[in-house]
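I opened this model to look up how its chains are built and where they touch. These are my notes, in the order I took them.

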Amino acid sequence: MIAYVTRRLLLLVPVLLGVSIGSFALLHLVPGDPAQILAGQEATEEVLTRIRHEHGLDRPLPIQYAVYLGNAVQGNLGISIQSRQPVATLIAQRFPFTLRLAFLAILVSAALGVVAGVVAATRRNSMLDLAALLGSLVGISLPIFWLGLLMMLVFSVRLQWFPAGGSGTAAHLVLPALVLGAASSGVIARMTRASMLEVLRQDYVRTARAKGLREQIVIYRHALKNAMIPILTVFGLEFGYNLGGAVLTETVFSLPGIGRLIVEGIFARDYPVVQGAMLVVATTFVAVNLLTDIAYALFDPRIRYD
Amino acid sequence: MRRAPALFLTVMLLGLAALSMTGPTAAQQAVRGGTLTFATGADPDSLDPQNTQSNPGEQVNRMMHENLVRFSTSMQLEPALAESWSSSKDGLTWTFKLRKGVKFHDGTPFDAKAVKYFFDRVLGDEKPFKASLYAPVVQSAEVVDPSTVRVTLKQPFGAFLFIMAHSAGAIVSPAAHQKWGKDLALHPVGTGPFKFVEWVKGDHVTMERNDAYWGGAPNLDRVVVKTVREDQARVLMLESGGADLIVNIPTEEIPRLKKDPRFVIESNATARALFIVMNVKKKPFDDVHVRQALNYAVNRDAIVKELFQNNAQVIPGPVSPLQNGYANLTGYAYDPKKAKDLLAKAGKSSLKVKLWSPKGRFVKDYELAQAVQQDLAAVGVEATLSTMEWGAYLAATKAPADNTDRELFLLGWSPSTGEARWGMFPILHSSQLAPKGDNRGFFVSKPLDDAIDKATLAATEPARLGALRESQQIAINEAPYIFLISPNMVVGSSKKLHGVVNLPLELTYLSEKSWKEK
């Protein structure tokens with residue numbers, strides 16, 4: 001087990017190296033001058049030159065990358081061009097918002113998705129099944145932007161139950177979590193249904209029923225547990241996406257999370273911020289996938305990592 | 001039963017009448033206290049006024065800091081930290097009499113030494129971003145007595161008071177600057193009506209009342225400026241009561257919000273000019289007849305009325321009416337026939353051009369470019385319209401002449417000093433050619449250069465205004481741009497909020513007089 005985890009963690013090195021090269025190259029391929037964006041249209045050439053020099057943007061690209069990599073290896077992600085704050089500080093400020101949001105959203109999608117999937121699978125071809133299928137399709141297809149604004153209209157403007165965006169209290173997270181959770185719950189519901197149908201056809205389910213076990217136990221203890229592996233995979237992926245890519249939700253609800261940090265960084269050509277945040281997102285993605293793989297073993301004792 | 005709706009309607013109307021009678025009819029007594037939430041589209045870039053470059057930053061700074069002189073909402077100069085001022089005949093020496101008994105938020109006294117400290121900072125080695133406003137103009141500053149400062153200029157400068165009223169002319173506490181250095185941006189200390197509490201990046205800035213404010217203690221207890229990027233989300237925040245004040249309301253939401261009795265929607269003219277720059281290094285835009293023809297081709301009145309629903313105004317030249325020094329000259333009237341004639345005379349009866357526009361940087365920018373595209377098509381000029389993200393757009397429109405295929409491109413310019421010299425010099429003077437400067441269309445005219453220089457060096461007000469008028473006339477005649485419109489700033493607030501300051505420099509902020517009904 002430990003050897004396996006170590007091996008997986010070692011794989012992080014090439015992944016992060018790839019991400020750093022990729023994000024660096026892509027960012028610098030995009031036209032636009034961070035100094036000009038920072039200093040505005042009115043800035044004089046003297047000011048622009050000074051900003052470029054201060055952030056080493058006047059040096060050749062390979063050297064810029066080498067300097068960046070050298071610092072990053074020592075844990076120094078650099079200074080934001082826009083705000084002059086250390087990138088690590090910015091990420092540390094933003095990441096908790098994203099983490100909380102992603103966690104709540106995955107709870108929402110687990111509750112909605114798994115229940116809907118199980119119900120649909122056990123009552124295959126019924127109206128409930130159809131409703132669940134349709135609901136999940138709607139969940140997948142609805143643009144987050146639209147759903148978010150609609151929720152704000154209903155729950156903030158009309159009913160005044162929750163604040164219309166911003167952050168600070170737990171109430172601020174309810175709507176974003178629902179919106180983000182709804183999007184992934186559709187995928188999870190479909191995966192749960194398909195996986196459950198597969199399992200319900202197995203001999204051991206028939207055996208369990210033949211033993212006279214209650215249907216509840218058959219479904220939740222015998223079938224669902226065995227159907228969990230593919231569902232877990234989707235969970236892991238969705239959670240990973242939410243951690244790095246909840247940009248739309250964060251934008252609609254004005255949550256200062258990491259997704260927005262990246263997008264705003266791209267618009268401002270704030271190279272250090274985008275590169276640093278990409279590294280963090282890549283790391284969490286790998287970590288979440290690793291945790292998912294480890295979790296397989298909990299549900300299926302046949303899976304061993306050694 | 002058939003009478004019920006009528007009865008219902010009567011009751012409703014009576015109710016409404018009663019409501020409007022209890023509403024804010026007479027001038028109301030200001031109420032003390034309360035927290036105001038202001039939702040704006042972007043985070044401040046800095047809270048150190050000498051290093052701040054963006055409107056979201058400037059408007060927050062203006063609540064905490066003050067200048068020697070300030071702009072009124074009609075862009076006239078009025079006393080602030082200086083009670084009076086005078087200049088020598090040659091325009092080289094300016095003497096400011098300072099307000100006495102004023103203290104910075106950290107207790108440091110505001111006096112001549114603090115003002116000198118400001119000048120030493122912008123003229124010295126630190127070179128904050130906005131030093132470029134002062135360094136070319138100011139020679140030095142000296143303390144005459146604790147409440148008198150004398151400033152010596154390098155050459156007469158007609159717009160000196162305007163650069164002093166610029167957001168970057170705010171006087172910060174010398175003690176705070178010494179203590180924090182570059183981190184002053186995170187620990188602002190001024191003399192303004194509101195004191196800094198905290199800045200959570202990407203989320204909000206909180207300020208609280210400065211009870212020692214020289215203009216009287218402010219009414220509001222706290223001001224929270226929240227960053228809400230999504231336009232629609234800001235509107236929803238206003239509607240749900242999550243924000244008392246919002247800016248940059250999408251044009252299509254204005255009519256609906258205006259009808260809602262809970263809100264006040266204010267549409268105010270700004271100093272910004274929007275125009276389409278022509279690259280005069282590319283044929284046929286080197287020909288003044290072609291440039292004039294394109295100006296005649298555009299129906300500005302229709303654009304203002306249809307596209308902007310009157311939340312904009314036509315501008316005759318490069319300067320908008322709220323820039324100090326604007327001359328009310330005749331621009332290009334809509335005359336497609338004349339446009340066609342001029343094009344025919346230039347031998348360009350049909351023309352294919354490239355038209356670029358940003359999308360979302362200015363109000364309705366892309367739609368504006370589309371309207372121009374249609375008008376141009378009507379006179380035989382076929383324009384292909386393309387857009388770019390703002391950062392890329394800025395870079396692409398600033399590339400050197402031999403390394404670009406740009407022809408027509410939409411841009412906006414709002415002189416941050418609020419006066420017309422800065423409305424023309426950076427974008428039309430031949431010393432400012434791209435990629436070094438902001439003259440992105442490579443327009444060069446000796447007469448225009450001379451007229452702008454005359455305005456720059458003017459020692460008297462009539463000389464300044466005269467030279468600015470001459471400059472605008474030359475610019476109109478030469479037509480380096482397709483002059484378009486000046487868009488309004490549209491600000492929405494709860495009806496319970498009073499005394500919001502909307503400066504035509506697209507800055508919205510609160511003053512000590514602002515207050516909120518309970």
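**Chain A: overall build**

I read chain A along its sequence and got the pattern α-α-α-α-α-α-α-α-α-α-α-α-α. The count is 13 helices and 0 strands. I note here that the model is predicted. Next I looked up the dimensions. The C-alpha trace of chain A spans about 85 × 55 × 30 Å along its principal axes.

**Helix 4 of chain A**

I checked the length of helix 4 of chain A, residues 61-73. It has 13 residues, and at 1.5 Å a residue these should span 18 Å. The end C-alpha atoms are 18 Å apart, so the value agrees with the expectation. Then I looked at what follows the helix. A:G75 comes after helix 4 of chain A and has a positive phi, near 85 degrees.

**Helices 7 and 8 of chain A**

I picked one helix pair to examine. Helix 7 (residues 144-158) and helix 8 (residues 171-200) of chain A pack with their axes 10 Å apart. The angle between them is about 140 degrees. Angles over 145 degrees would count as roughly antiparallel. Helix 7 and helix 8 of chain A are therefore oblique to each other. Their crossing is right-handed.

Which residues make the contact? From helix 7 of chain A I listed A:I144, A:L147, A:G148, A:M151, A:M152 and A:F155. From helix 8 of chain A I listed A:L175, A:L178, A:V179, A:A182 and A:A183. By class, this contact has 10 nonpolar residues, 1 polar residue and no charged residues. The spacing of the numbers made me recall a general point. An α-helix has 3.6 residues a turn, so residues three or four places apart point the same way.

I moved to chain B. Strand 8 (residues 194-200) and strand 9 (residues 204-209) of chain B run antiparallel and are joined by 6 bridges. They form a hairpin with 3 residues between the strands. In the turn, B:G202 has a positive phi of about 80 degrees.

I followed one residue across. B:K195 has B:E208 in strand 9 of chain B as its bridge partner. B:E208 in turn has B:R222 in strand 10 of chain B as a bridge partner. Strand 10 covers residues 222-227 and pairs with strand 9 of chain B in the antiparallel sense, over 5 bridges.

**Chain B: the open sheet**

I then traced an open sheet of 6 strands in chain B. The order is 14-18-13-17-15-16, and the pairing is mixed. Which strands stand at the edges? They are strand 14 (312-314) and strand 16 (381-388) of chain B. Each has a single partner strand, so one side of each is left without a neighbour in the sheet. Neighbouring strands are turned by 30 degrees against each other on average, direction ignored.

Inside this order I looked at strand 13 (residues 273-278) and strand 18 (residues 481-487) of chain B, which run antiparallel with 4 bridges. B:V277 stands opposite B:Y481 of strand 18. Helix 10 (residues 300-307) of chain B packs on the sheet and touches strand 14 and strand 18. Its direction makes about 170 degrees with that of strand 14 of chain B.

**Where the chains touch**

Last, I looked up the contact between the chains. It takes 32 residues from chain B and 41 residues from chain A. On the chain B side, strand 10, helix 7 (231-240) and helix 13 (390-396) each supply at least two residues. Helix 7 of chain B gives the most, with 6 residues. The chain B side divides into 11 nonpolar, 10 polar and 11 charged residues.

Technical notes
Residues are numbered from 1 along each chain as its sequence is written. Chains are lettered from A and ligands numbered from 1 in the order in which they are written. This is a predicted model: local features need pLDDT of at least 70, side-chain atom pairs count only at pLDDT 80 or more; totals for chains, interfaces and linings use all residues. Two strands pair if DSSP finds at least two bridges between them. The expected span of a helix is 1.5 Å times one less than its number of residues. Axes are lines fitted to C-alpha atoms, for helices over the stretch in contact, and angles run from 0 to 180 degrees between N-to-C directions. Angles under 35 degrees count as roughly parallel, over 145 as roughly antiparallel, 65 to 115 as roughly perpendicular and the rest as oblique. A crossing is left-handed if the near helix is turned anticlockwise from the far one by less than a right angle, and right-handed if clockwise. Two residues are in contact if their C-beta atoms, placed from the backbone, lie within 7 Å. Ala, Val, Leu, Ile, Met, Phe, Trp, Tyr, Cys and Pro count as nonpolar, Asp, Glu, Lys and Arg as charged, and the others, Gly among them, as polar.
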